Amino acid sequence: MNLLASRPSLHMDGQDGLLFEGVPLQTIASAVGTPCWVTGAGTLRRRTRNLRKAFTERGIDISLHYALKANDHLATLTVLHQEGCGADVVSGGELRRALAAGISPSQIVFSGVGKTDAELMLALQEDIGQINVESVEELRRLSHLARASSLTARVALRVNPHIDAETHDKISTGRLGDKFGIDWADVPALYREASTLPGIDIRGLATHIGSQILSPAPFKAAYARIAEMVVGLREEGLSVSVVDCGGGLGVRYRDELAPPPAALAGAIAETLGHLDLKLAIEPGRWIAAPAGVLLASVIDLKAQREGISDFVIVDAAMNDLARPSLYGAWHGIIPLAPDLAYAETAPQTVVGPVCESSDVLAKDRLLPAVRTGDQIAILDTGAYGAVMSSTYNSRPLAAQVMIENGQWQVVRKRQRVEALWGDDSIPEWLDSE
């Protein structure tokens, strides 16, 4: 039950079993079926407010642009919009989602490599707050598009500061050789060029060095480099009014010593707080991950020979939650039934039914002796969970539920299996035979 001690939104009730924000998860699993994603609106609100409070206490006025890639459901975006968050988007689709959720164009930042001309035109036409440009090529394309349409793009140059975020290789974004951002050494010349290009209103700099960062040291190192660059550009007579500090603050999945938001606030205050800048961050995982669980049911139990963990086969799989197979990610697992809360445990491997050996949700995990039909909660799946799901093996997308103040509602129905081939078509020469 150490998992519960560090997760205030979860509680084990002796009668109703595992509760999430006061709602019995067994009730949802029985009514909606599994697999099923559950998002806690109260947790989203609490974490957003705690993050903002950390900056207020350091005297830092910061804009929060929630990173849609973590969890882009309209219900989630609506909650965060109500909490005063803008949006950080990385595609035209995410931009349209943010607008659909009621987020003002002025509060939207468009990041990411590979923005197409059509996506850049959408950003220009919607007059969004800022485009974080990733390359000289993108800057020049944007200038051409803006000039041709008599529009203006508010721009920050995304800097690759050559800082190792000390996180998983696949979620590091600020090292030399990573695809993101403009090489540190090339930024001053490009900033000078940007200040002369038609259709470009160069505002400042942006950086983002990775995700699930568990130490303030990489943040401080990156922001110190940005601060040095701000001073240098200003000494040349160039205007720098904005710094987008990115996101990446890590959360506790297992036993990590995840830094509190005060650590990020401190890193920004110490390096950039004295430079009279409009500052922004792009939180995603930190807000959303603990605000979600994935419910699953035990399909079968498969005993192994002595010395090898038994298999617990559940109805959630790698097509639902990709992180364990993609990154080797660890997610806590708790049975919903109260009688299993303090039962003896033994090593078991939790797997899904997808026809891949990598469909392993938890290997050699100490779990109580679950039974066929028992339900489990896979924890901290509110970020990079449902949003990364696929329909591999013709498995429909799972239902989604939101809870708040003791009430719950389905916010996305389970996909009908017929919808999987609803847009398929057969060539005429095959259909005629």
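**Note on the predicted model**

1. Leaving aside neighbours within four places in sequence, Lys 69 is in contact with Asp 88, Glu 94, Tyr 384 and Val 387. In this predicted model, Lys 69 sits in the loop between strand 5 (62-67) and helix 4. Its relative accessibility is 30%, so Lys 69 counts as partly exposed. The unreviewed UniProt entry lists Lys 69 under "modified residue: N6-(pyridoxal phosphate)lysine".

2. Tyr 384, one of the residues in contact with Lys 69, is placed in the loop between strand 19 and strand 20 (399-404). Tyr 384 counts as buried, at 13% relative accessibility. Although Tyr 384 is not a glycine, it has a positive phi of about 55°.

3. The UniProt annotation "binding site", again from an unreviewed entry, covers Arg 285, Arg 323, Tyr 327, Glu 356 and Tyr 384. These positions span 100 residues in sequence and their farthest two C-alpha atoms are 27.2 Å apart, so they do not all gather at one spot. Of the annotated residues, Arg 285 belongs to helix 11 (residues 285-288). Arg 285 is buried, with a relative accessible area of 5%.

4. The protein chain has an average pLDDT of 94, and 95% of the residues score at least 70. Over residues 167-175, however, the pLDDT is below 50, and this stretch has 32 contacts in the model beyond near neighbours in sequence. Where pLDDT is low, the predicted coordinates should not be read in detail.

5. The packing of helix 3 (residues 41-57) with helix 4 (residues 74-82) can be described as follows. Their axes come within 10 Å and cross at roughly 40°, and the crossing is right-handed. Ala 41, Leu 44, Arg 45 and Thr 48 of helix 3 meet Thr 76, Val 79, Leu 80 and Gln 82 of helix 4. By class, this contact has 4 nonpolar, 3 polar and 1 charged residues.

6. Helix 6 (residues 117-126) has as its buried residues Glu 119, Leu 120, Met 121, Leu 122, Ala 123 and Leu 124. These pack against helix 5 (92-100), strand 7 (108-110), strand 8 (130-133), helix 7 (136-148) and strand 9 (153-160). Just after helix 6, Asp 127 takes a positive phi of about 55°.

7. Gln 375 lies in strand 19 (residues 375-378) and is buried, with a relative accessible area of 16%. Not counting residues up to four places away in sequence, Gln 375 touches Gln 26, Ala 29, Ser 30, Ala 296, Ser 297, Pro 335 and Leu 336.

8. Gln 15 is found in the loop between strand 1 (10-13) and strand 2 (17-20). Gln 15 is exposed, at 68% relative accessible area. Along the chain, Gln 15 and Ala 337 are 322 residues apart, while their C-alpha atoms are separated by 8.7 Å.

9. Two further points of backbone geometry may be checked. A cis peptide bond joins Thr 34 and Pro 35, with omega about -5°; Pro 35 lies in the loop between helix 2 (25-32) and strand 4 (36-40). Asn 405, which is not a glycine, has a positive phi of about 55°. Asn 405 lies in the loop between strand 20 and strand 21 (407-412) and is exposed, with a relative accessible area of 71%.

Technical notes: Residues are numbered from 1 along each chain as its sequence is written. This is a predicted model: local features need pLDDT of at least 70, side-chain atom pairs count only at pLDDT 80 or more; totals for chains, interfaces and linings use all residues. Side-chain values use heavy atoms; hydrogens and water are left out. Axes are lines fitted to C-alpha atoms, for helices over the stretch in contact, and angles run from 0 to 180 degrees between N-to-C directions. Helices (H or I, at least four residues) and strands (E, at least two) are DSSP runs, numbered from the N terminus. A crossing is left-handed if the near helix is turned anticlockwise from the far one by less than a right angle, and right-handed if clockwise. Contact means heavy atoms within 4.5 Å. Ala, Val, Leu, Ile, Met, Phe, Trp, Tyr, Cys and Pro count as nonpolar, Asp, Glu, Lys and Arg as charged, and the others, Gly among them, as polar. pLDDT is the predictor's confidence in each residue, from 0 to 100. UniProt positions are given in the numbering used here, feature names are shortened, and annotations may be inferred rather than shown by experiment. Buried means under 20% relative accessible area, exposed over 50%, partly exposed in between (1.4 Å probe, protein chains only).
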